[in-house]
Amino acid sequence: LDVDGKPMLEDRWSVKPDFWRAPTDNDYGAGLQNRFRAWKDPEMKLKSIECTEVEAAKQVKAVYDMPRLEATLTMTYTLNVKGELIVNESLDVNEEAKHKPHLMRFGMQWVMPKSYSIVNYYGMGPGENYIDRNNATRLDVYTQKVSEQYWGYVRPQESGKKTQVRYWRMLDANGCGLQFSAMGEMECSALPYLAEDLDDGPRKEAQHSHSGDLIERNFTVVKLAARQMGMGCVNSWGAWPRGEYQVPYKDYQFTYMVSPITK
């Protein structure tokens, strides 16, 4: 995806569906990193792909089978004559499935060049916030640096999320880049790390990792989500987030628009 001849995506990194987050201390306390692990890197088998014309737009539709999760994922990308890309992610699950693990997140990941290091958004802030931990934040327009997004927890984990986002812009020093606009609200983050950089695996005690040892990637990782599971925060030794803040095994839809920002 190029705008005015400049690549918006980091070379060799594709846009991809995203169902996982780096487990938090609360997640580890409740064992959720293992209970929900089927969503970390699920098998996806391409069943069909087609490109069609929809009025003056081009549309690509790809359907994937997720056999271990007994689910089907349909990705639809519609590019119009204005250069706007409408993305729809649709998950259909089997209500009769034997195993129904919750999702950590339902969304997508974009990996952009490191030069897109400025975040401008309309949503809750200015600090990181989650669906069950955002009462201390305000709905406003904020401009921040990607380098400011990660909160220095002692141990690496999920960080930097913003909720109730209406639009999320990734900009370079010239104010050019991409705007992601929600069809409703969404949750977003931008970090110089992949989730795998912040994930200590099945047992955090086995890693002894520290946030101070993290090495920034040479690109910017943008996470967009229709919904992410809450933090819990009742306690850190077994409590799950309350029911209304979970992401249970069921059908989901996520639609957003990607627009170029040029000078």
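The model is predicted, with local features requiring pLDDT of at least 70 and side-chain atom pairs counted only at pLDDT 80 or more, while totals for chains, interfaces and linings use all residues. Residues are numbered from 1 along each chain as its sequence is written, and side-chain values use heavy atoms, with hydrogens and water left out.

Trainee: Why is the contact of Asp 25 with Arg 155 called a salt bridge?

Mentor: The term asks for a side-chain nitrogen of Lys or Arg within 4 Å of a carboxyl oxygen of Asp or Glu. The closest N and O atoms of Asp 25 and Arg 155 are 3.1 Å apart, so the pair qualifies under that definition. Asp 25 belongs to helix 1 (residues 25–30) and Arg 155 to the loop between strand 10 (138–145) and strand 11 (162–171), 130 residues apart.

Trainee: What makes Arg 155 buried or exposed?

Mentor: Buried means under 20% relative accessible area, exposed over 50%, and partly exposed in between, with a 1.4 Å probe and protein chains only. Arg 155 has 9% relative accessibility and therefore counts as buried, whereas Asp 25, at 28%, is partly exposed.

Trainee: Which class does Glu 196 fall into, buried, partly exposed or exposed?

Mentor: Glu 196 has a relative accessible area of 56% and is therefore exposed. Glu 196 forms a salt bridge with Arg 217, the closest N and O atoms being 3.5 Å apart, and Arg 217 is partly exposed at 26%.

Trainee: What makes a space a cavity?

Mentor: On a 1 Å grid over the protein atoms alone, a cavity is a set of points where a 1.4 Å probe fits but cannot get out, and lining residues have an atom within 4 Å of a point. The structure holds one cavity of 30 Å³ or more. The largest cavity is lined by 13 residues, with Glu 158 and Lys 223 among those nearest its centre. Glu 158 and Lys 223 also belong, with Asp 18 and Arg 105, to a network of salt bridges.

Methods: 1 Å grid on protein atoms, 1.4 Å probe; cavity = no way out; pocket = protein on both sides within 12 Å on 5 of 7 lines; lining within 4 Å. Points joined across faces, edges and corners; volume = space filled by probe spheres on them. Helix = DSSP H or I, 4+ residues; strand = E, 2+ residues; numbered from the N terminus.
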